[in-house]
Amino acid sequence: MTEFFIKPVSGVTVRDPETLDPLAESGELKPKNSYWLRRLNDGDIEVVEQAKKKSKGAE
């Protein structure tokens, strides 16, 4: 299943349907399923680009 990195919009609390924990303000990687797509469509969350992590060996 495809995943995407999402975070709640300012002032909105969105709970994960499996854990019932609120979505982290800094964002989390979640499955691109009907629940999260509905939250996106409703304007409760936004997709954010993750910063690429630097590999430890590259300097």
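**Close-up 1. The residue that follows helix H1 in this predicted model is Gly43.** In this model, which is predicted rather than determined by experiment, helix H1 spans residues 34-42, and Gly43, which comes after H1, has a positive phi, near 85°.

**Close-up 2. Asn33 and Tyr35 meet at the start of helix H1.** Here a side-chain oxygen of Asn33 reaches to within 3.2 Å of the backbone nitrogen of Tyr35, and Tyr35 is also one of the buried residues of the helix.

**Close-up 3. Helix H1 has buried residues, among them Trp36.** Tyr35, Trp36 and Arg39 are buried in H1, and because they cover an arc of only 95° around the axis, they lie on the same side of H1. The cover over the buried residues of H1 includes strand S1 (3-8), strand S2 (28-31) and strand S3 (45-47).

**Close-up 4. Three strands form an open sheet, with antiparallel pairing.** The order of the strands is S2-S1-S3, and S2 and S3 stand at the edges with a single partner strand each, so that one side of each is left without a neighbour in the sheet. From one strand to the next, the twist averages 50°. Helix H1 lies across S1, S2 and S3, and runs at about 100° to S3.

**Close-up 5. Strands S1 and S3 run antiparallel and are joined by three bridges.** Within this part of the sheet, Lys7 has Glu46 of S3 as its bridge partner. As a general point, the strands of a sheet pair through backbone hydrogen bonds, either parallel or antiparallel.

Methods. Residues numbered from 1 in each chain as written. Predicted model: local features only at pLDDT ≥ 70, side-chain atom pairs only at ≥ 80, totals over all residues. Heavy atoms only, no water. Buried < 20%, exposed > 50% of the residue type's maximum accessible area, 1.4 Å probe, protein only. Helix = DSSP H or I, 4+ residues; strand = E, 2+ residues; numbered from the N terminus. Arc of directions from axis to C-beta. Contact = heavy atoms within 4.5 Å. Polar contact = N/O pair within 3.5 Å; in protein donor to acceptor, adjacent residues only side chain to side chain. Pairing = 2+ DSSP bridges. Axes fitted to C-alpha atoms, helices over the stretch in contact; angles between N-to-C directions.
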